[in-house]
Amino acid sequence: MAAAEARRLVLATAELAEHGEASVLEAIERAAQQSAATIGLAAVAGIMDWAGQHSPARMSCPDGEHAARLVARRTKTIRTLLGSVEITRGYYHCGACRAGFAPLDTRLGVQGTGLSPGLARACALAGSEMPYAKGFELITAVTGLDLASTSTLARTTRAQGARAREVIDAEQNAAMTSPRPIPAAVDEAGMGLCYIVMDGTGAPMLPRETTGRHGKTPGTRAGTREVKIGCFFTQSGCDPLTGDPVQDPGTASYISTFEPAAGFGAQAKAEYLRRGFDQIRQPVVLGDGAKWIWNIADQHFTTATQIVDYFHAREHLADLTKLLTPVLTDPTTFTRDLIDQLDLGNTAAIATAVDQLDLPAKAPDLARPAATETGYFTSNHHRMQYADFRAAGYYIGSGPVESACNTIVKQRSKRAGMHWTIAGLAPVLALRTLHQSNRDQELWPATQT
């Protein structure tokens with residue numbers, strides 16, 4: 001069939017070219033694709049029909065405690081990657097449980113759904129990466145079949161995302177009690193570095209999701225809800241040429257949640273244990289200076305070295321010098337000197353330099369905001385020992401988690417005109433978190449054939 005269609009299209013090449021029609025090769029590809037799908041669908045239908053014919057008179061109910069009897073043979077339409085197929089299978093009823101079930105649905109992975117596992121995975125991956133309408137267009141374009149509607153793709157993405165969250169939660173719960181693996185970064189002496197990098201980013205929400213929450217501008221309502229992100233990875237050494245720290249390839253994993261700091265902290269500790277990081281001698285917590293990050297570090301990672309992201313510190317230093325510019329005789333030199341002191345971790349010198357300007361007397365309106373900025377450095381003194389951190393070969397930047405905020409949250413949720421509910425976005429983020437951690441196989445194990 002495909003060969004005959006291809007020959008027909010080849011003969012029509014000249015006519016198509018004259019009229020500027022679509023590529024002949026593409027038409028041939030589509031014809032071959034449809035033929036292959038027809039043959040494959042027939043094979044799938046035959047196997048499922050054979051399985052549906054083998055329905056014993058009695059079978060154990062799902063809880064395994066009672067015997068259920070065959071009461072009917074019912075049909076069900078299943079949409080697959082090859083097209084739709086109708087199967088007839090046995091339907092059983094358990095008198096003790098007062099419930100009915102179709103065992104073949106469970107075996108095929110279509111219990112409670114009309115989509116095959118393969119199509120459900122395709123829908124979820126597309127829905128987690130792009131707007132649902134675009135995902136529907138992509139699946140249609142790739143398969144050449146009308147396999148799902150936009151609403152079906154959205155529902156499937158949420159359902160698979162809920163499964164992803166269940167997988168994540170189950171693994172983290174198990175990590176609290178089960179033996180953990182020894183990470184590759186740990187040598188015989190137990191040396192090595194592991195990083196817990198934390199940050200938060202806003203996701204645009206529908207108004208009902210931000211009721212009672214205040215925006216950054218006084219008197220306004222918040223338009224976003226914060227998603228907290230954690231990035232975990234190991235480091236075994238530094239670049240021998242530059243001395244820069246080098247993240248161990250393939251060791252990054254992530255967590256994400258709408259939960260407040262307490263819930264996020266518990267998840268971070270569980271992921272830390274799941275990864276076996278408690279067996280690494282030197283943990284490092286990196287963050288942008290937000291108090292909730294250090295509260296989590298103090299509670300859950302008591303032996304960790306705490307580091308304020310250097311680039312956030314530089315931003316605060318830039319804000320401080322900009323604020324003080326009206327009272328500086330040489331702003332450039334003043335700024336350079338403060339940067340030098342920051343690089344040395346000498347936060348007291350930054351505070352002294354500001355005190356010597358005598359702001360209460362010379363610029364009273366600048367005294368309070370300058371004190372706030374100065375306090376950022378003095379209160380984080382032990383987290384800003386950048387000269388020592390560099391000498392030890394530590395990362396001092398939180399770039400990995402900022403990148404995760406972008407790839408896990410922003411790229412999917414912050415497109416033009418998007419506003420979400422937590423129930424709608426949380427499953428999508430769970431899928432993206434697993435995917436970004438290179439752990440799709442936990443949700444969709446590879447089938448052995």
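Strand 6 contributes the most to the lining of the largest pocket, with 4 residues. The model is a predicted one, and the volume of this pocket comes to about 480 Å³. Its lining is made of 16 residues, and those closest to the centre are G202, A222, T224, R225 and E226. Two elements give two or more residues to this lining: strand 5, which covers 193-204, and strand 6, which covers 224-238. By residue class, the lining of the largest pocket holds 3 nonpolar, 7 polar and 6 charged residues.

Strands 5 and 6 also meet through a pair of aromatic rings. Y195 belongs to strand 5 and F233 to strand 6, so their contact ties together parts that are 38 residues apart in sequence. The ring centres of Y195 and F233 are 4.8 Å apart and the planes stand at 15 degrees; because planes under 30 degrees apart count as stacked, this pair is a stacked one. Are these two residues buried or exposed? Y195 has a relative accessible area of 0%, so it is buried. F233, with a relative accessible area of 1%, is buried as well, because the limit for that class is under 20%.

Elsewhere, ring pairs join Y310, F311, Y386, F389 and Y394 into a cluster. Aromatic rings also take part in contacts with charged side chains. The charged end of R74 sits over the ring of Y91, at 3.8 Å from the ring centre. In another such contact, R412 lies over the face of Y132, and here the distance to the ring centre is 5.1 Å.

The next feature is the second largest pocket, which has a volume of about 390 Å³. Which residues lie nearest the centre of this pocket? They are P117, A120, Q160, R163 and W444, out of 19 residues that line the second largest pocket. Helix 5, covering 117-129, and helix 7, covering 150-175, each supply at least two residues of this lining. Helix 7 has the largest share, with 6 residues. The lining of the second largest pocket divides into 8 nonpolar, 8 polar and 3 charged residues, while the lining of the largest pocket divides into 3 nonpolar, 7 polar and 6 charged.

D358 is a residue other than glycine with a positive phi, near 55 degrees. Where in the chain is D358 found? D358 lies in the loop between helix 12, which spans 347-355, and helix 13, which spans 359-362.

N438 is not a glycine either, yet it has a positive phi of about 60 degrees. N438 is placed in the segment after helix 17, the helix that runs over 422-436. Why does N438 count as exposed? Its relative accessibility is 59%, and exposed means over 50%, so N438 falls in that class.

Terms used. Residues numbered from 1 in each chain as written. Predicted model: local features only at pLDDT ≥ 70, side-chain atom pairs only at ≥ 80, totals over all residues. Heavy atoms only, no water. 1 Å grid on protein atoms, 1.4 Å probe; cavity = no way out; pocket = protein on both sides within 12 Å on 5 of 7 lines; lining within 4 Å. Points joined across faces, edges and corners; volume = space filled by probe spheres on them. Nonpolar A, V, L, I, M, F, W, Y, C, P; charged D, E, K, R; others polar. Buried < 20%, exposed > 50% of the residue type's maximum accessible area, 1.4 Å probe, protein only. Phe/Tyr/Trp six-rings, centres within 6.5 Å; stacked < 30°, edge-to-face > 60°. Lys NZ or Arg CZ within 6 Å of the ring centre and 35° of its normal.
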